Amino acid sequence: MRKLKVAVIGIGYLGKFHAEKFIKNKYTDLVGVVDIDQKKCIEIKNKFNTNTFSNYKSIVDKVDAVSIVVPTNLHYRIAKYFIENNKHVFIEKPFTDSILKAEKLEKLSKEKKIILQIGHIERFNKGFLLLNNRIKKPLFVECNRISPFKVRGTEVDVIMDLMIHDLDIIFSLIKSKIKDIKANGVEVLTNSIDIAHARITFNNGCICNLSSSRISNKVERKMRVFQKNEYFSLDYQKCILESYKKIKNDNINSIFKEQKKFLNNDPLNEEIKSFINCILNNKKPIVSAFDGKNALKYAITISQLIKK
């Protein structure tokens, strides 16, 4: 079977990992990487023995699909070009920098019948996949996502940078419309929001608290989910899922605790494998353009609420 010809556009911190996954995948041939920074291109060329380009338009006839890992404000222009040329597209989150642009890309991808997948990586975490299978009717969800300050990613606020991951996760778990959102946050080290908190109430009664900070002294990615007689605690970083369940023995209530740690957890690899599988088998992406647009919509809403 002919291998899919792919390219990575943007080879900063995350783009390098995308290139590595495509090189290792038996169904893909990395025909090159694209970046305006020639120093980065030389580094990648030496490391992966692949072609490098400075203009994304120069590779359009060489590829079947591209992975776009550039600053958010460039997503729309680059994705639109490749979709118009019938190429499959993977875009790192956030989808775009506006709902209108996201809607246009979603519509165009449907018209062209191409695969458009958005990079919400936590959906492919082994711990989350198990948790997702055990959630029935969540009553309360708490998400904490904090990290030390880095210049990388500060072209967007902390909601678009970090909280958007958890927004995508809760919308995949909770099948209900939103009733109310309250939010607050502050600017500390940048000119955009660096610490944010949001409280989302759904029509079915479920309540979600989300906290994100990019000026912490540690990295933490955790979620807690409560449903009737059960409580789950997921550590994305360590890939540990703990569950606590009320059980009855001889008419005495007690709590049964279980912990599972997942080895060889590589959600980026699973995410890219899923993208490739969707192309080869014409399947709908696990994280579709609609999903990316929905997470973006509420990330923007929360940012606007805080600014007001």
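In this predicted model, Ile 99, Ala 102, Glu 103 and Glu 106 of helix H4 meet Ala 289, Phe 290, Lys 293, Leu 296, Lys 297 and Ile 300 of helix H8. Sorted by class, this contact of H4 with H8 holds 6 nonpolar and 4 charged residues, with no polar ones. Helix H4 spans residues 99-112, and its axis lies 10 Å from that of H8, at a packing angle of about 175 degrees. Angles over 145 degrees count as roughly antiparallel, and H4 and H8 are therefore roughly antiparallel to each other.

Helix H8 also has a part in the second largest pocket, to which we turn next. The volume of this pocket is about 370 Å³. Its lining is made up of 18 residues, and those that lie nearest the pocket centre are Phe 171, Ser 172, Ile 174, Phe 290 and Asn 294. The largest share, 4 residues, is that of H8. By class, the lining divides into 9 nonpolar, 4 polar and 5 charged residues.

The axes of H1 (residues 13-24) and H2 (residues 38-48) come within 12 Å and cross at roughly 25 degrees. Since angles under 35 degrees count as roughly parallel, that crossing makes H1 roughly parallel to H2. The crossing of H1 past H2 is right-handed. On the H1 side, the residues involved are Lys 16, Ala 19, Glu 20 and Ile 23, and they meet Glu 43, Ile 44 and Phe 48 of H2. This contact comprises 4 nonpolar and 3 charged residues, and no polar ones.

With helix H7 (residues 267-281), H1 packs at an angle of about 60 degrees, and the two axes are 10 Å apart. That angle makes H1 oblique to H7. Here, too, the crossing is right-handed. H1 contributes Leu 14, Phe 17, His 18, Lys 21 and Phe 22 to the contact, while H7 contributes Leu 268, Asn 269, Ile 272, Phe 275 and Ile 276. The class count for the contact of H1 with H7 is 7 nonpolar, 2 polar and 1 charged.

Two details of the backbone are worth a look in the loops. Most residues other than glycine have a negative phi, and most peptide bonds are trans. Asn 49 has a positive phi, near 55 degrees, although this residue is not glycine. Asn 49 sits in the loop between H2 and strand S3 (52-53). The other detail is the peptide bond that joins Lys 93 and Pro 94, which is cis, with omega at about -10 degrees. Pro 94 belongs to the loop between strand S5 (88-92) and H4, and H4 brings the account back to the helix that packs roughly antiparallel to H8.

Notes: Residues numbered from 1 in each chain as written. Predicted model: local features only at pLDDT ≥ 70, side-chain atom pairs only at ≥ 80, totals over all residues. Heavy atoms only, no water. Axes fitted to C-alpha atoms, helices over the stretch in contact; angles between N-to-C directions. Parallel < 35°, antiparallel > 145°, perpendicular 65-115°, else oblique. Left-handed = near helix turned anticlockwise from the far one by under 90°. Contact = heavy atoms within 4.5 Å. Nonpolar A, V, L, I, M, F, W, Y, C, P; charged D, E, K, R; others polar. 1 Å grid on protein atoms, 1.4 Å probe; cavity = no way out; pocket = protein on both sides within 12 Å on 5 of 7 lines; lining within 4 Å. Points joined across faces, edges and corners; volume = space filled by probe spheres on them.
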